[in-house]
Amino acid sequence: MTQPVTWIPPVLYGSVLAGGVYYSAVGPGFTWRTAGFAGLLVALTVLDTRRRPIPPVPLLVLRILLLVAVTALDPSGLSRVLFVLVPFLAYFAFGRTAALVLGAGCVAAVAGAFTLWVPGWQVRAEYISDLLMFALGTVLAIAMAAVATGEQRARLQLAGTLEQVADLSAAHERNRLAREIHDSLGHHLTAIGVQLEKAEAFASLDRATSAQAVANARWSADRALVEVRTSVRALASETGPVELSQSLADLVHRLDGAAGRVTLTVTGRERRPLLVLYRAAQEGLTNACRHSGAAHIGLSVAYDDRGASLTVSDDGRGFDPDGEGFGLSGLRERVRLAGGAVAVDSSPAGTRLTVEVPW
């Protein structure tokens with residue numbers, strides 16, 4: 001049920017009260033009927049401005065009875081205009097059909113009253129004019145109620161839409177932060193694990209290589225801390241590393257060292273940094289190092305006039321693409337938002353991850 005326009009009834013009651021009091025002052029004078037007429041209008045005003053709710057049907061019946069009493073006591077005859085409030089307020093409580101039926105009933109009631117108390121009114125221009133004006137006022141009142149109801153519904157729909165947008169925006173931001181933390185922190189933790197395993201394996205064989213692996217692990221830990229702080233600040237922009245090619249080379253070096261397990265190839269000219277490609281490289285290299293058991297991993301980036309593409313390939317054991325985890329699904333969403341595409345081809349002979357992003 002929509003809410004009625006609360007200021008209209010008191011305005012009409014006040015106008016009719018002023019007109020009735022003025023008529024009594026310049027005409028027959030003040031009588032008990034004038035006092036009763038004024039008191040009932042005050043009662044109607046209190047009824048329509050109350051705060052405690054009343055069930056719609058009893059409220060409608062009470063309002064009609066009070067209007068009939070006001071009309072009976074009104075010395076000026078102006079109060080019949082108040083009956084336009086019956087269909088107007090009923091529209092909000094019962095809907096359009098009930099308002100139309102009550103509006104037609106009010107017009108018929110006015111015509112019936114003229115028939116009972118004004119002989120020959122059908123040929124008197126003033127009464128015909130009054131009936132037509134009342135019918136027009138009833139139509140306008142119903143139309144006004146329809147407009148007000150439509151506006152209230154539109155506001156409610158807009159509020160609901162805005163709430164949904166806020167919820168979706170919050171969910172999108174949570175997912176974005178989750179992807180950032182997974183892509184950056186997950187990669188660096190994997191790199192730290194690989195480097196520490198390497199340091200442990202070479203501890204008694206090659207102290208220099210072991211020390212370098214520890215240094216690489218420390219670098220990955222520092223980078224993880226920096227990127228987590230950046231993610232917590234909500235990553236206000238989607239700008240990537242200052243130079244993607246150099247950052248990828250640094251990434252490969254810190255992850256692989258001088259082992260030669262990971263190779264990097266870059267072709268074309270970089271137009272602007274792309275964070276999405278850097279995250280794709282992190283995700284692909286993390287999965288290849290952690291799960292594939294590959295002896296060789298290739299990372300290649302190609303730039304052309306249309307955009308950039310990145311490929312991570314390995315000769316590992318492969319995996320079931322239908323069971324991809326959060327990392328790959330988050331990467332797909334990130335690339336989709338950037339207008340790009342992700343392709344994964346995996347078999348027991350190896351895996352190939354391809355990411356294409358337009359400029």
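**Briefing on the predicted model**

The protein contains ten helices and five strands. The structure is a predicted model. Of its 359 residues, 36% count as buried.

**Overall surface and contacts**

- The accessible surface of the protein amounts to about 19600 Å², and carbon and sulfur atoms account for 63% of this area.
- Among contacts between residues at least 6 apart in sequence, 70% join residues at least 24 apart.

**Helix α3 and the nonpolar patch**

- A nonpolar patch on the surface is formed by V57, V61, L65 and F94, which together have about 360 Å² of accessible area.
- Helix α3, spanning residues 56-73, supplies the largest share of this patch, with three residues.
- One of the patch residues, V57, is located in helix α3.
- V57 has a relative accessible area of 51%, and it is therefore classed as exposed, since the cut-off for that class is over 50%.
- An α-helix has 3.6 residues a turn, so residues three or four places apart point the same way.

**Helix α9 and the residue after it**

- Helix α9 comprises 18 residues, 275-292, which at 1.5 Å a residue should span 26 Å.
- Helix α9 is mostly covered, as 15 of its 18 residues are buried.
- Just after α9, residue G293 adopts a positive phi of about 65°.

Definitions and conventions
Residues numbered from 1 in each chain as written. Predicted model: local features only at pLDDT ≥ 70, side-chain atom pairs only at ≥ 80, totals over all residues. Heavy atoms only, no water. Patch = residues over 30% accessible without salt bridge, like charges linked within 9 Å, V, L, I, M, F, W, Y side chains within 5 Å. Areas by Shrake-Rupley, 256 points an atom, 1.4 Å probe, with all protein chains shown as cover. Salt bridge = Lys/Arg side-chain N within 4 Å of Asp/Glu carboxyl O. Helix = DSSP H or I, 4+ residues; strand = E, 2+ residues; numbered from the N terminus. Buried < 20%, exposed > 50% of the residue type's maximum accessible area, 1.4 Å probe, protein only. Expected span 1.5 Å × (residues − 1). Contact = heavy atoms within 4.5 Å.
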